[in-house]
Amino acid sequence: MTEFGFIDKIASMCRSLPDNGWEGIGDDCAVLLSGDRATVVSCDMLVEGVHFLRHAAPAHIIGRKALAVNLSDIAAMGARPTAALLSIALPDDAAGAWAEEFMAGFTQMASEHGTALIGGDTTASKQGVSISVTVIGTAPAANIKRRSDARAGDIVAVTGMLGESGAGLQQILSGRCDTPAAHAHMNPAPHTAEGEWLGSRREVHAMMDISDGIASDLRHIMERSGVGADIDTEHVPAFDDLRTALCAGEDYKLLLTARADRFGLLAADFEARFRRPLYKIGHITAQAGLLRWLRGGTPEDVDFRGFVHF
Ligand code: ADP
Ligand code: MG
């Protein structure tokens, strides 16, 4: 079974459970509306040997990343992170100095993004470090951006360059850990300010964060919105090669769709606010499930696929 097959299975098995007002599985965060406010919650795991190698990255960098990838899911909803819970399983050889340095990185990231640490769990591990972080965010209910709100005719855009993290991972695996791309891979900067700002803009329809590469992530917006997409590959802001930009993942930029007739204004305001462009990379079509990669306006016969966890 694939990762997404398993998640579908979980979603169908919990259909008989009460939702208690929560919008559950399927978006970057679960959402609870109360009056004109929304609370959003998400959790993500980092497992030694799968997501990081203890000998390849300093503990404080892993602490930063453990929270960063979760903050990114809050940003993806158009919300502001307020609090986190941290659960950590530590083998004997990580329980002392390693754990302290990890916490220094974690609290540094929390401080940079105005996030409280309000609880968690600590346990021993027989093998490797496992980390699970839960984050909670808040937003006006009207600001929440769901994967299901893309409409035919929308512009598809991203909030930053793609593929730097993937290029960095390739460099790390070939032994070059001290490059800018390697740093970008180990120490991602979640677009929290951008996410909250985009949340406040009515012309933004759907949004998510880019964790698996847009070749995979865009399909989630397409599926949940019942739409298709045409991507102009020459407009993708690729750090290096196009395949890495589309498929490698872990960039933690935001992928969004927005009303075409208001996109020029949105992009100009974004650039004035963040001093970086909002990159227009294509548009949403009415052909449900059809993702096309265009070059010079013509569909190309290429098969880009994002990162698959298992
Ligand atoms: P993201 O990459 O944004 O963290 P994922 O691809 O990990 O999202 O998960 C997709 C959706 O499936 C999310 O809504 C997530 O909460 C849900 N999900 C993933 N794993 C589980 C699980 N084991 N139990 C319940 N829901 C899950
Ligand atoms: Mg996400």
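1. With which side chain does the side chain of T179 make a polar contact? The partner is the side chain of Q171, at 2.4 Å; a polar contact is a pair of N or O atoms within 3.5 Å, where within protein one must be able to donate a hydrogen and the other to accept it, and residues adjacent in sequence count only if both atoms are side-chain atoms. T179 lies in the loop between helix 4 (164–173) and helix 5 (180–186), and is buried at a relative accessible area of 17%.

2. This is a predicted model, in which local features need pLDDT of at least 70 and side-chain atom pairs pLDDT 80 or more, while totals for chains, interfaces and linings use all residues. Residues are numbered from 1 along each chain as its sequence is written, chains are lettered from A and ligands numbered from 1 in written order, and side-chain values use heavy atoms, without hydrogens and water.

3. D28, in the loop between strand 1 (22–23) and strand 2 (30–34), and D209, in strand 8 (residues 204–209), are 181 residues apart. Both D28 and D209 are buried (under 20% relative accessible area; exposed is over 50%, partly exposed in between; 1.4 Å probe, protein chains only).

4. In helix 2 (residues 59–76), 17 of the 18 residues are buried; helices (H or I, at least four residues) and strands (E, at least two) are DSSP runs, numbered from the N terminus. Helix 2 is followed by G78, with a positive phi near 85°.
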